[in-house]
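Open your viewer and get ready to select a few residues. We will go from stop to stop and see what is there.

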Amino acid sequence: MITIERAVTVSKPIETVFSYLSDFENTVEWDPGTVSTVKLDGDGGVGTKYQNKSSFAGRETELEYVVQQLEADRIFQLRGDNKTVTALDTMTFRDTGAGTEVTYRAEFEFKGVTRLLEPLFRGQFKKLGDEAETGLREALLKL
């Protein structure tokens with residue numbers, strides 16, 4: 001399993017930050033790997049389904065994400081799945097008094113023969129995490 005975790009603190013109200021990030025369609029604005037995200041079904045709460053198309057390692061891949069957990073201003077979690085990988089994305093939110101701290105954690109578990117390639121992906125996932133942190137910070141500062 002490959003895990004990426006980054007924390008970003010911005011001087012924005014927790015309600016504003018949570019509202020923006022819990023709308024998963026906004027990933028196109030802050031996640032550099034995301035090509036498109038479309039809501040397939042649901043109201044944004046637990047059980048809502050999204051189709052996410054991302055570019056990684058020179059290839060486009062699609063995952064269907066389902067909201068697993070949503071607690072206003074506290075946690076937003078989705079599970080994405082396709083034939084080669086399962087992704088668990090968790091965002092936790094903390095009011096700092098002067099703003100909001102968001103911790104973004106993405107866990108990737110590869111399936112089948114793709115598991116054998118996991119060591120080759122580690123560097124690319126670190127780079128992806130660094131770029132996502134920058135994109136997240138920049139997008140949140142514009143709110």
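**First stop: the largest pocket**

The largest pocket holds about 690 Å³ of space. A pocket here is an open set of points on a 1 Å grid over the protein atoms alone, where a 1.4 Å probe fits, with protein on both sides within 12 Å along at least five of seven lines; lining residues have an atom within 4 Å of a point. Grid points are joined across faces, edges and corners, and the volume is the space filled by probe spheres set on the points.

Select Phe56, Thr61, Leu63, Val85 and Phe125: of the 35 residues lining the largest pocket, these are the closest to its centre. Then colour α2, β3 (49-56), β4 (59-71), β6 (85-95), β7 (100-110) and α3 (118-141), the elements that each give two or more residues to the lining. Helices (H or I, at least four residues) and strands (E, at least two) are DSSP runs, numbered from the N terminus. By class, the lining has 19 nonpolar, 11 polar and five charged residues. Ala, Val, Leu, Ile, Met, Phe, Trp, Tyr, Cys and Pro count as nonpolar, Asp, Glu, Lys and Arg as charged, and the others, Gly among them, as polar.

A word on what you are viewing: this is a predicted model, in which local features need pLDDT of at least 70 and side-chain atom pairs count only at pLDDT 80 or more, while totals for chains, interfaces and linings use all residues. Residues are numbered from 1 along each chain as its sequence is written, and side-chain values use heavy atoms, with hydrogens and water left out.

Now select helix α1 (residues 14-21) and pick out its buried residues: Ile14, Val17, Phe18, Tyr20 and Leu21. Look down the axis of α1: these buried residues fall within an arc of 165°, so they line one face of the helix. The arc is that of the directions from the helix axis to the C-beta atoms. Buried means under 20% relative accessible area, exposed over 50%, and partly exposed in between (1.4 Å probe, protein chains only).

Next, show Leu21, Trp30, Phe93 and Leu140, which touch the most other members of the 33-residue largest nonpolar core. Such a core is a set of buried Ala, Val, Leu, Ile, Met, Phe, Trp, Tyr and Cys residues joined through side-chain atoms within 4.5 Å. Zoom in on Phe93: leaving aside neighbours within four places in sequence, its contacts (heavy atoms within 4.5 Å) include Ile14, Val17, Phe18, Leu21 and Asp73.

Asp73 sits in the loop between β4 and β5. Its phi is near 65°, a positive value in a residue other than glycine. Most residues other than glycine have a negative phi. Asp73 is partly exposed, at 23% relative accessible area.

Is Leu78, at 0% relative accessibility, buried or exposed? Select this residue of strand β5 and you will find it buried. Beyond neighbours within four places in sequence, Leu78 contacts Phe24, Tyr50, Tyr65, Val66, Val67, Gln68, Ala87, Leu88 and Asp89.

Move to Glu64 in strand β4, which is partly exposed at 33% relative accessibility.

**Last stop: Thr27**

Finish in helix α2 (residues 27-30) with Thr27, buried at 3% relative accessibility. Thr27 touches Thr34, Thr37 and Asn52, not counting residues up to four places away in sequence.
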